[in-house]
Amino acid sequence: MKKFLALALALVMIFALCACGQQAAPAAAPAQEAAPAAEAAPAAPEAKTYKVGVSIYQYTDNFMTLYRQEIENYFKTLETDTVKYEITMVDGKNDMAEQTNQVDNFITQGMDVIILNLVQTSSAEAVVDKIVAAGIPLVLINREPAAENMTNNPTVCYVGADARQSGTFQGEIVRDLPDNGDINGDGKVSYIMIEGDPENSDAQYRTEFSVKALTDAGIEVECLDDQVGNWDQTKGQELCANALAKFGDKVEVVFCNNDGMALGAKAAIDAAGRKVGTDIYLLGVDALPEAVELIKNGEMTGTVLNDHIGQSHTAVDVAIKALNGEALEDYYWVDYLKVDEAYAKANY
Ligand code: BGC
């Protein structure tokens, strides 16, 4: 009897378990209903949109205008059906506090990558630390931070050109003139220097290496005047006009750290009744279209191509590498190119 009872109990339990299993079945039904939606997904792949934050130190800068326009153009050319780039580009207005706010906003907005043209390289550390702490890859451009501010971090890099090369090329253009820049034949090249932002290594190196190329070639030099024009055309004109008024015919060479200031200097040279190539030489850096035009016509002595196309494309390419999770090197360099009259006529 006990055996019969045990068997009956066992049968009841098996039945109960089966019944539970059957009850569970309806729960699986929604998963079956969801299946058609999952099958449809591959037919319409979602485009991935990456958010890119770009802050430029100052929109009115002639060179950085070409550079930033090319960043936008180039990103567009790299878009596909499935990959889009949403660029938020802002003007740092040459104000570090403003730019720091912009970086804070980029972090809050959850940018996927940041491209930064610093207002002040001395503030690099604080800004880089913030961005790294937020886990956002960072591509610094155009204004090289001090080596100790480069973090040796695979998500941070600098894209630029070695400014020593641009200074050397300026000096070599003068060295290679028939009179080596010594128009009045007094055995020395008397020059004025119009500098960019003195905090900027581009300005420091161009100032130093342009003159060094002459002294390395055994040419004696005399600095009549060395002033800060902050990369600005109007300031360049004003400084050159002052120097010409003060030193007159003694000025044989006008070195400008960029073409913007050289274009200003050209206006001052014209106003003073001087003639480039005859009684004065004028050098810039960047190869802005207006400067190249003057060089072709013999109205400016030379410039150095600061390759905004190469630099902007490199910056975008490495930003995309970072978006794809690839490790970045610390530095990416783009070469300068010497642009004298012969080169300008042959290549532009
Ligand atoms: C360019 C200048 C520009 C500066 C801005 C330099 O590399 O030659 O024209 O004003 O960058 O940082």
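## Terms and basis of the model

Two residues are in contact if their C-beta atoms, placed from the backbone, lie within 7 Å. Helices (H or I, at least four residues) and strands (E, at least two) are DSSP runs, numbered from the N terminus.

This is a predicted model, in which local features need pLDDT of at least 70 and side-chain atom pairs count only at pLDDT 80 or more, while totals for chains, interfaces and linings use all residues. Residues are numbered from 1 along each chain as its sequence is written.

## The chain as a whole

The chain has 11 helices and 12 strands. Of its 348 residues, 40% count as buried, a term for residues with 20 or more other C-beta atoms within 10 Å of their own. Among contacts with a separation of 6 or more, 75% join residues 24 or more positions apart.

## Helix H5

Helix H5 covers residues 163-175. Its 13 residues should span 18 Å at 1.5 Å a residue, and its end C-alpha atoms are 19 Å apart, which agrees; the expected span is 1.5 Å times one less than the number of residues.

The buried residues of H5 include Ala163, Phe169, Ile173 and Val174. The buried residues of this helix pack against helix H6 (201-216) and against strands E6 (189-195), E8 (253-256), E9 (281-283), E10 (302-305) and E12 (337-340).

A nonpolar core is a set of buried Ala, Val, Leu, Ile, Met, Phe, Trp, Tyr and Cys residues joined through C-beta atoms within 7 Å. The largest has 48 residues, of which Val254, Ala265 and Leu282 touch the most other members. Its largest share, 6 residues, comes from helix H8 (residues 259-271). A second, separate core of 37 residues includes Val52, Tyr67, Val127 and Val128.

In H8, 10 of the 13 residues are buried, so this helix is largely enclosed by the rest of the structure. Among these buried residues are Met261, Leu263, Ala265 and Ile269. Just after H8, Gly273 takes a positive phi of about 75 degrees.

## Around the ligand

There are 14 residues around the ligand, and Asp61, Phe63, Asp202, Trp231 and Asn258 come nearest; a residue is near if its C-beta atom, placed from the backbone, lies within 6 Å. At least three residues of this shell come from each of domain 1 (48-161 + 308-334) and domain 2 (164-305), with bounds from an automatic or database domain assignment.

How values were computed: A residue is buried if 20 or more other C-beta atoms lie within 10 Å of its own, exposed if 12 or fewer, and partly exposed in between; C-beta atoms are placed from the backbone.
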